[in-house]
Amino acid sequence: MGAMSRRKGKRGELEVVAIAKAIGFARAERTAPMQAGHGSSEHGDVGGIRPLYIEVKCHARVPVNRYAREVLDGPERPGMVRVLAWRDNRTEWRATVPLDDLLKLVAMAYPPTPAPRVDEMEAP
């Protein structure tokens, strides 16, 4: 990976950290300094936002499907929700998350109401 590409990746990671901190995730940080040659297999690119495992991609035109397969279909990370944070040049940040993980996050914030059992339903 060339120096320009590394700088762009670092800039993208810092942008995602800044967005997270603006929302209130004070512990959000780039994990690259902690990884030092170990890759992102355990930490993702941005840490401090439990239970999210965030990989960041920033390109002229992000091949979302390719990166989604790498990140979202990669090894399971128990207790973590895998997120691909990405943006094309001069566009807003977006996130790609497996649907079942998204629904689990929503259920944490808004616990679903269980459906009534058939024997509890009133007859018409």
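Arg82 is found in strand β4; strands (E, at least two residues) and helices (H or I, at least four) are DSSP runs, numbered from the N terminus. Arg82 counts as buried at 8% relative accessibility. Buried means under 20% relative accessible area, exposed over 50%, and partly exposed in between (1.4 Å probe, protein chains only). Not counting residues up to four places away in sequence, Arg82 touches Tyr53, Val71, Leu72, Asp73, Gly74, Pro75, Glu76, Arg77, Thr96, Val97, Pro98 and Asp101. A contact means heavy atoms within 4.5 Å.

This is a predicted model: local features need pLDDT of at least 70, side-chain atom pairs count only at pLDDT 80 or more, and totals for chains, interfaces and linings use all residues. Residues are numbered from 1 along each chain as its sequence is written, and side-chain values use heavy atoms, with hydrogens and water left out.

**Strands β3 and β4**

Strand β4 covers residues 81–88 and pairs with β3 in the parallel sense over 8 bridges. Pairing requires at least two DSSP bridges between the strands. His59 has Asp88 of β4 as its bridge partner. Strand β3 (residues 52–59) is largely enclosed by the rest of the structure, because 6 of its 8 residues are buried.

**After β4**

Asn89 lies in the loop between β4 and β5 (94–96). Its C-alpha atom is separated by 6.1 Å from that of His59, 30 residues apart along the chain. Asn89 touches Lys8, His59 and Ala60, again leaving out residues up to four places away in sequence.

Leu99 lies in helix α4 (residues 99–109). Leu99, Leu102, Leu103, Val106 and Tyr110 make a nonpolar surface patch of about 540 Å².

| Residue | Relative accessible area | Class |
|---|---|---|
| Arg82 | 8% | buried |
| Asn89 | 25% | partly exposed |
| Leu99 | 59% | exposed |

**The whole chain**

The chain has 4 helices and 5 strands. Along the sequence they follow the pattern α-β-α-β-β-α-β-β-α. Of the 124 residues, 32% count as buried. Among contacts between residues at least 6 apart in sequence, 45% join residues at least 24 apart.

Key
Patches are made of residues with over 30% relative accessible area and no salt bridge: like charges are joined within 9 Å, nonpolar side chains (Val, Leu, Ile, Met, Phe, Trp, Tyr) within 5 Å. Accessible areas come from the Shrake-Rupley method with a 1.4 Å probe; for residues, only the protein chains shown count as cover. A salt bridge is a side-chain nitrogen of Lys or Arg within 4 Å of a carboxyl oxygen of Asp or Glu.
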